[in-house]
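Hello,

Please have a look at it in your viewer while you read.

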Amino acid sequence: NMDILFHWTIVCIFSIGVIEASEHDTFNLPIYTFSESEFKEALQSVEELELVDLHVLENCDPLPPEQLKRLLFDPPSFGKSCSLHIQSIIRPLVEAHIGKTRASQLFDRLEVIATENVHFTKSIALDLFVAIIRKK
């Protein structure tokens, strides 16, 4: 999961002194990937809403399937792809928090971690499509 890779990266750059303890403790980025069961459990706590339908689609990456397969067998390319994907979502927030230089160090480290852990990946993207209605 992308959020797990990012978390590992934060822990890693903290452990090598790129960010301070106070900065580590204040990383509060709006990124969290949840499982189908976690989503259902959270929704059940909201009495006003009702789940109508839920579909989990794997391998929803915009890449063609053959290119995706090649990425999974090419760890450096996979790591670069993961890093760029996460950067496209949160880089401005990270830069605002720790500055451009250290953000670059963080994302470089994230690329290494993703490259080293490609063997844990089954697919690159997983999407959850949900239909929810407000109870009357």
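Helices here are DSSP runs of H or I with at least four residues, and they are numbered from the N terminus. By that count, His7 sits in helix α1. Please keep in mind that this is a predicted model.

First, the overall layout. The protein chain has 6 helices and 2 strands, and along the sequence they follow the pattern α-α-α-β-α-α-α-β. Of its 136 residues, 29% count as buried. Among contacts in the chain with a separation of 6 or more, 75% are made by residues 24 or more positions apart.

Next, a pair of helices to look at. Helix α5 covers residues 75-98 and helix α6 covers residues 100-116; their axes come within 8 Å and cross at roughly 150°. Angles over 145 degrees count as roughly antiparallel, so α5 is roughly antiparallel to α6. The crossing of the two is right-handed. As for what lines this contact, its residues divide into 13 nonpolar, 5 polar and 6 charged.

Two residues of α5 are worth a click. Gln87 lies in this helix and is buried, with a relative accessible area of 17%. Beyond residues up to four places away in sequence, Gln87 touches Pro92 and Phe107. Glu95 also belongs to α5, but Glu95 is partly exposed at 21% relative accessible area. The cut-off matters for this pair: buried means under 20%, so Gln87 at 17% counts as buried and Glu95 at 21% counts as partly exposed. Leaving aside neighbours within four places, Glu95 is in contact with Lys100 and Ala103. Its C-alpha atom is 10.0 Å from that of Leu106, a residue 11 positions away in sequence.

Now the nonpolar cores. Which residues have the most contacts inside the largest one? They are Phe6, Ile19, Phe27, Val94, Ile98, Leu106 and Phe107, in a core of 14 residues. Helices α1 (2-15), α5 and α6 each supply at least two residues of this core. A second, separate core has 7 residues, including Leu5, Cys12, Cys82 and Ala114.

Ile19 is a handy place to start in the largest core. With neighbours within four places in sequence set aside, Ile19 is in contact with Ile10, Ile13, Phe14, His24, Phe27, Ile98 and Arg102. Of these partners, Phe27 and Ile98 are also listed among the residues with the most contacts inside that core.

The C-alpha atoms of Leu5 and Ile86 are 9.4 Å apart, although 81 residues separate the two along the chain.

Finally, back to His7 in α1. Is His7 buried, partly exposed or exposed? His7 counts as partly exposed, with a relative accessibility of 47%. The C-alpha atom of His7 is 9.3 Å from that of Leu110, which lies 103 residues away along the chain.

Best wishes

How values were computed. Residues are numbered from 1 along each chain as its sequence is written. This is a predicted model: local features need pLDDT of at least 70, side-chain atom pairs count only at pLDDT 80 or more; totals for chains, interfaces and linings use all residues. Side-chain values use heavy atoms; hydrogens and water are left out. Axes are lines fitted to C-alpha atoms, for helices over the stretch in contact, and angles run from 0 to 180 degrees between N-to-C directions. Angles under 35 degrees count as roughly parallel, over 145 as roughly antiparallel, 65 to 115 as roughly perpendicular and the rest as oblique. A crossing is left-handed if the near helix is turned anticlockwise from the far one by less than a right angle, and right-handed if clockwise. Ala, Val, Leu, Ile, Met, Phe, Trp, Tyr, Cys and Pro count as nonpolar, Asp, Glu, Lys and Arg as charged, and the others, Gly among them, as polar. Buried means under 20% relative accessible area, exposed over 50%, partly exposed in between (1.4 Å probe, protein chains only). Contact means heavy atoms within 4.5 Å. A nonpolar core is a set of buried Ala, Val, Leu, Ile, Met, Phe, Trp, Tyr and Cys residues joined through side-chain atoms within 4.5 Å.
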